[in-house]
Amino acid sequence: MMEMLSNRSCLSRLMICVTLWILLSSSSSSSSSSSSGVFAATSYRKPNIVLILTDDLDIAIGGLSPLNKTRKLIGDAGISFTNAFVASPLCCPSRASILTGKYPHNHHVINNTLEGNCSSRAWQKSEEAHTFPALLRTFGYQTFFTGKYLNQYGHSEAGGVEHVPPGWNYWVALEKNSKYYNYTLSVNGKAQKHGADYSKDYLTDLLANTSLDFLQYKSNYQPFFMMVSTPAPHSPWTAAPQYQDMFNDTKAPRDPNFDVHGKDKHWLIRQAKTPMTNSSVQFLDDAFKKRWRTLMSVDDLVETIVKRLEVRGELDNTYIFFTSDNGYHTGQFSLPLDKRQLYEFDIKVPLMVRGPNIKPNQTSQMLVANVDLGPTILDIAGYDVNKTQMDGMSFLSIMEGKMNSSRWRTDILVEYEGEGSNVSDPACPLLGPGVSECFPDCVCEDSYNNTYACVRTVAPSANLQYCEFDDNEVFVEVYNVTADPYQLTNIAKTIDQEILEKMNHRLMMLQSCSGPSCRTHGVYDPRYKFDPRQMFSSHSWRFNRLRQTLK
């Protein structure tokens with residue numbers, strides 16, 4: 001079906017096709033004229049790389065269930081990671097971590113606003129030139145981007161759609177946040193407006209079609225990196241016409257943490273109303289099935305790209321990554337709909353990879369994070385990751401079966417900075433100022449002091465999450481995820497005090513880390529050494545208050 005759409009809408013995409021042909025023809029001719037014969041003869045043998053990034057796709061509440069073709073063509077053909085996490089459960093900070101390989105405290109993107117450094121001038125000056133695609137381009141790769149970039153991309157105060165980030169040979173980026181119709185694209189810095197005609201405007205299909213155009217017109221003498229960033233399954237959850245009646249009987253899963261009061265959790269979770277109102281449950285069930293419907297077009301997109309690579313004889317030399325920028329929740333702990341929380345449903349994401357030297361039908365429980373995607377892709381390309389300032393580490397050796405758990409890292413950092421309004425919501429005056437993302441029944445999904453940092457540990461001897469909030473309480477949440485996979489019971493006040501002190505120390509180290517120091521040994525690594533005298537003096541107030549709180 002996507003092939004038919006590609007042919008039918010070629011005229012409407014003439015600007016994209018012609019621009020791509022001109023750009024890549026000139027890029028190919030200039031590189032071939034400036035490169036030695038040896039480079040021209042050998043560079044194309046480097047593997048190609050495709051990164052397919054979805055928007056708000058969970059794994060904890062069944063997000064992969066509708067994606068049958070994707071699981072078959074990527075997961076079954078390669079490796080699936082069951083412990084893949086994001087550095088921050090929000091679109092723009094998470095995407096910045098993917099692009100830079102850095103934790104939020106190092107790339108300084110803290111939320112989805114321009115003031116929060118999302119695609120701001122400061123981001124453009126400090127980080128954008130050092131992303132992994134920019135490094136790939138300097139390393140002989142031709143690079144292609146299509147889809148959602150960062151939430152504030154195209155903002156008039158940050159260069160508008162005329163701004164094309166360094167590192168991209170060809171650029172088809174959505175202005176601002178996810179939409180399916182009636183949007184504007186930046187086609188190599190020129191605005192292209194789209195309407196509501198399914199055959200030529202439905203964004204997920206258009207991304208598939210522009211990907212096919214790139215594969216057709218690119219140089220065959222250079223390896224390529226292609227990043228396809230879909231709007232689905234982000235709101236407004238607009239499905240393609242042929243999928244609008246699917247999953248009519250599907251409801252959000254009623255897992256053990258569904259519509260349960262988080263009585264021992266941070267105040268923001270405790271303020272949720274349990275049981276939820278019938279209207280809230282109906283709304284989230286409706287949203288759940290709509291999300292799945294949008295994913296059917298993502299499944300088509302994956303099939304289209306994989307099949308085209310196969311027809312072109314390029315599939316065997318191409319790595320294909322499939323993942324998401326954050327998870328999602330629908331009713332967990334009586335929170336209606338969102339991400340932003342520290343729990344597994346929001347911070348854990350799908351990650352599947354196929355490619356050369358990756359055996360099919362593999363599953364890995366080793367701990368990986370989205371800060372690892374850039375280092376891994378650079379490693380695949382043959383770039384020395386040690387020359388970068390990235391916080392993440394390459395997991396290529398895991399995919400090739402050359403790494404065992406005793407030598408791999410045991411923890412990663414998760415950071416989030418909460419957002420709130422300076423004034424009270426007129427509809428919910430009792431809540432006061434400082435909250436945001438509030439629903440009609442005055443249940444709010446975020447607040448200023450929903451600011452936290454967590455150490456997520458996965459080791460042979462422990463599966464643990466330790467989190468501290470930056471609030472007046474220095475509220476702490478700790479979960480034994482093996483014994484309590486739905487994170488129903490906060491064990492902060494019952495866990496051994498020595499473990500708490502070590503986890504507090506480890507959290508402060510990770511929050512202060514940069515580059516190689518982010519990859520040091522975790523608490524449950526046998527090589528870890530704890531010396532209380534090394535406690536950070538600047539954080540001593542927090543440690544002392546923590547001890548008082550937990551007594």
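The exercises below walk through the fold of a predicted model, each with a worked solution.

The model is predicted: local features need pLDDT of at least 70, side-chain atom pairs count only at pLDDT 80 or more, and totals for chains, interfaces and linings use all residues. Residues are numbered from 1 along each chain as its sequence is written, and side-chain values use heavy atoms, with hydrogens and water left out.

**Exercise 1. Find the strand order of the open sheet formed by 10 strands.**

Step 1. Read the order: S7-S6-S5-S4-S8-S1-S9-S12-S2-S13, with mixed pairing. Two strands pair if DSSP finds at least two bridges between them.

Step 2. Locate the edges. Strand S7 (190-193) and strand S13 (362-364) each pair on one side only.

Step 3. Inspect one pair. Strand S2 (residues 79-81) and strand S12 (residues 351-354) run antiparallel, joined by 2 bridges. Ser80 has Met352 as its bridge partner in S12.

**Exercise 2. Is strand S5 (residues 170-174) buried or exposed?**

Step 1. Score the residues. In S5, 5 of the 5 residues are buried, so the strand is largely enclosed by the rest of the structure.

Step 2. Sort the directions. Tyr170, Val172 and Leu174 point one way; Trp171 and Ala173 point the other way.

Step 3. Strand S4 (residues 142-148) runs parallel to S5, with 5 bridges. Phe145 has Trp171 as its bridge partner in S5. Strand S6 (residues 184-187) runs antiparallel to S5, with 3 bridges.

**Exercise 3. Describe how helix H10 (residues 203-217) packs with helix H12 (residues 278-311).**

Step 1. Take the geometry. The angle is about 10° and the axes lie 9 Å apart. Axes are lines fitted to C-alpha atoms, for helices over the stretch in contact, and angles run from 0 to 180 degrees between N-to-C directions.

Step 2. Classify. H10 and H12 are therefore roughly parallel (angles under 35 degrees).

Step 3. List contacts (heavy atoms within 4.5 Å). Residues of H10 including Leu207, Ala208 and Leu215 meet residues of H12 including Val298, Leu301 and Ile305.

Key: Helices (H or I, at least four residues) and strands (E, at least two) are DSSP runs, numbered from the N terminus. Angles under 35 degrees count as roughly parallel, over 145 as roughly antiparallel, 65 to 115 as roughly perpendicular and the rest as oblique. Buried means under 20% relative accessible area, exposed over 50%, partly exposed in between (1.4 Å probe, protein chains only).
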